[in-house]
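This briefing goes through the fold of one protein chain, topic by topic. Please keep the sequence and the structure in view while reading.

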Amino acid sequence: EIALHKDYVNKRMEMYCIVQTAIAPWRAKHKGKSAQETVECPKCTGKLHLSISAYNGHVHGHCETKGCVSWME
């Protein structure tokens, strides 16, 4: 059971790292401004909804594909 959980966590972190690397240019383009956009998910090619805050630069993202990435910074 523990090994299965560790495997799940590792796979989720790998997905997150792939997406964070791929959206780095989007984040840089919107630095210092608030923005919302839907882009192609780099993990599954679904629709990835992104938003960035001008206040602190945090990005929130959610892919429409079930089981894909979703996060809040």
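**Overview**

Of the contacts in the chain with a separation of 6 or more, 30% are between residues 24 or more positions apart. The model is predicted. The chain has 1 helix and 4 strands, and along the sequence these follow the pattern α-β-β-β-β.

- The C-alpha trace spans about 45 × 25 × 15 Å along its principal axes.
- The chain has 73 residues, and buried residues make up 25% of them.

**The sheet**

- The 4 strands form an open sheet in the order β1-β2-β3-β4, with antiparallel pairing.
- Strand β1 (35-40) and strand β4 are at the edges with a single partner strand each, so one side of each has no neighbour in the sheet.
- From one strand to the next, the twist averages 15 degrees.
- Strands of a sheet pair through backbone hydrogen bonds, in either a parallel or an antiparallel arrangement.
- In this model, β1 pairs with β2 (residues 47-52) over 6 bridges, in the antiparallel sense. Here E40 stands opposite K47 of β2.
- β2 and β3 run antiparallel and are joined by 5 bridges. L50 has G61 in β3 as its bridge partner.
- β3 and β4 are paired over 3 bridges, also in the antiparallel sense. G61 has W71 in β4 as its bridge partner.

**The hairpins**

- The hairpin of β2 and β3 has 6 residues between the strands, and G57 takes a positive phi near 75 degrees there.
- The hairpin of β3 and β4 has 6 residues between the strands, and in this hairpin G67 takes a positive phi near 85 degrees.

- Helix α1 covers residues 2-29. Its 28 residues should span 40 Å at 1.5 Å a residue, and the end C-alpha atoms are 41 Å apart, which agrees.
- At I23 the helix α1 bends by about 45 degrees, and a proline, P25, follows within four residues.
- α1 lies across β1, β2, β3 (59-63) and β4, and runs at about 50 degrees to β2.

**Packing of helix on sheet**

- Which residues of α1 are buried? They are M15, V19, Q20, I23 and W26.
- These buried residues of α1 pack against β1, β2, β3 and β4.
- In a regular strand the side chains alternate between the two faces of the sheet.
- In β3, V59, G61 and C63 make up the covered face, whereas H60 and H62 make up the uncovered one.

**Q20 in the helix**

- Q20 lies in helix α1. Its relative accessible area is 15%, and Q20 is therefore buried, the cut-off being under 20%.
- Leaving aside residues up to four places away in sequence, Q20 touches R27, W71 and E73.
- Q20 and G61 are 41 residues apart along the chain, and their C-alpha atoms are separated by 9.9 Å.

**The aromatic pair**

- How many aromatic pairs are there? The count comes to 1 aromatic pair.
- The pair consists of Y16 and W71, with ring centres 5.9 Å apart and planes at 80 degrees, so the pair is edge-to-face. The cut-offs that matter are centres within 6.5 Å and, for edge-to-face, planes over 60 degrees apart.
- Y16 belongs to helix α1 and W71 to strand β4 (residues 70-72), so the pair ties together parts that are 55 residues apart in sequence.
- Is Y16 buried or partly exposed? Its relative accessibility is 28%, so Y16 counts as partly exposed.
- W71, at 8% relative accessibility, counts as buried.

How values were computed. Residues are numbered from 1 along each chain as its sequence is written. This is a predicted model: local features need pLDDT of at least 70, side-chain atom pairs count only at pLDDT 80 or more; totals for chains, interfaces and linings use all residues. Side-chain values use heavy atoms; hydrogens and water are left out. Rings of Phe, Tyr and Trp (its six-membered ring) pair if their centres lie within 6.5 Å; planes under 30 degrees apart count as stacked, over 60 as edge-to-face and the rest as tilted. Helices (H or I, at least four residues) and strands (E, at least two) are DSSP runs, numbered from the N terminus. Buried means under 20% relative accessible area, exposed over 50%, partly exposed in between (1.4 Å probe, protein chains only). Two strands pair if DSSP finds at least two bridges between them. Axes are lines fitted to C-alpha atoms, for helices over the stretch in contact, and angles run from 0 to 180 degrees between N-to-C directions. Contact means heavy atoms within 4.5 Å. The expected span of a helix is 1.5 Å times one less than its number of residues. The bend at a residue is the angle between axes fitted to the seven residues ending there and the seven starting there.
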